Amino acid sequence: MFKELDPILHSQLRLAVMSLLIGVKEAEFTFIREKTNATAGNLSVQVQKLKEAGYIEVVKQFKDNYPLTTCKITPKGIEAFDAYVQALQQYLQAGQG
Amino acid sequence: MPNQNQITEKESLEIITSMIQKAKGTYYETGIGPILWGSVVSFASFVTFLQMKYEFTIGFDVWLLVLFAIIPQIMISMREKKTGRIKKYEDDALDTVWLVFGISLFCLIVYRNAVPSVTTRLIAAEGWQMMKHYTDGSKPDEPLIPFVPSFYSIYIMLYAFPTLVTGLVKKFRPMIYGAILSYGLFVMSCFTTSWNDMLLGTITALLCWLIPGILLRRKYLAQKTAKANV
């Protein structure tokens, strides 16, 4: 029986954001945008969805009079990412078998 | 990157791998800190070596430069924190290692400056003093201020410690090799004269900080240039 892939994570951009954040403690929005090559608008929407799911924490503040958004993965996000990777492994192993 | 929900499992795996690699391969340290400390410590060690070997003095304590280097270091750290667009899990731990290194270094400086005069006073209170005696009788005996022989060896060993931790945690080979070689220099310094220890200390500062710092700076600038060209 295959585990269902988490629909929140099974999206190109959201998965890319989570994969970036899993390896770092926190990252600025501009860094994520640069690494994912996404537009600011699209990324904002996807970041908001991840935040609503409780997978990431978003901190908005000002630095030198410029808005600064920092994202950080939550324990729930780590758990979800881990489950997603495990489910993915099942699918890939089944595909090879 | 388009937001398409219809991705295959293989594509998912590719995204995960590529993003993790991107985060890993980001050089967010500018290398200026190691370059600064490598330059200052190697310069001060080398000037001290020259002064000891050729018996002259430049008129002031060259190690004061190390003290003054703290000011630009604070400015560099503040600027790097401002421009640092990611923070990795190991960053806080490594900052602590370098802080403890700084405290240990400070304690060692206090020890080196306080212990000889304090010991002289304590043994004088007991009614005796240390004397330098020439075994061939070429010179008369003279009072000797207590000192720890080959003291700079301890510094060499201390320089290698945070460098090795940083190199291993960051998997940055120039620092790993620099620190390992420095431990070798520490062993060597136990068998050499004090002024030679200063020369070995110069090499240690080059191996631990200046060379890795330059390599780090080159990687950082190459990454910045590549980003600008995109």
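Predicted model: local features only at pLDDT ≥ 70, side-chain atom pairs only at ≥ 80, totals over all residues.
## The four-stranded sheet

The strand pair between the chains belongs to an open sheet of 4 strands, whose order is β2(A)-β3(A)-β1(A)-β1(B) and whose pairing is antiparallel. Because β2 of chain A and β1 of chain B stand at the edges, each with a single partner strand, one side of each is left without a neighbour in the sheet. Helix α1(A) packs on the sheet, where it touches β1, β2 and β3 of chain A, and its direction makes about 80° with that of β3(A). Helix α2(A) also packs on the sheet, but its contacts are with β1 and β3 of chain A together with β1 of chain B, and its direction makes about 80° with that of β1(A).

Within chain A, strand β2 (residues 56–63) and strand β3 (residues 66–73) pair in the antiparallel sense over 8 bridges. In this pairing, A:Lys60 has A:Thr69 as its bridge partner in β3(A), while A:Phe62 stands opposite A:Pro67. The hairpin formed by β2(A) and β3(A) has 2 residues between the strands, and A:Asp64 takes a positive phi there, near 50°.

## Helix against helix

Two packed helices are described by the angle between their axes and the distance between the axes. For α1(A) and helix α1 of chain B (residues 9–24), the packing angle is about 40° and the axes lie 8 Å apart, which makes α1(A) oblique to α1(B). The crossing in which α1(A) passes α1(B) is right-handed.

On the chain A side of this packing, the residues in α1(A) are A:Gln12, A:Leu15, A:Ala16, A:Ser19, A:Leu20 and A:Ile22, and they meet a set in α1(B) that includes B:Ile15, B:Ile16, B:Met19 and B:Ile20. Sorted by class, the contact of α1(A) with α1(B) has 9 nonpolar, 3 polar and 1 charged residues.

## The contact as a whole

Taken together, the contact between the chains draws 27 residues from chain A and 23 residues from chain B.

Methods: Residues numbered from 1 in each chain as written. Chains lettered and ligands numbered in written order. Contact = placed C-beta atoms within 7 Å. Axes fitted to C-alpha atoms, helices over the stretch in contact; angles between N-to-C directions. Parallel < 35°, antiparallel > 145°, perpendicular 65-115°, else oblique. Left-handed = near helix turned anticlockwise from the far one by under 90°. Nonpolar A, V, L, I, M, F, W, Y, C, P; charged D, E, K, R; others polar. Pairing = 2+ DSSP bridges.
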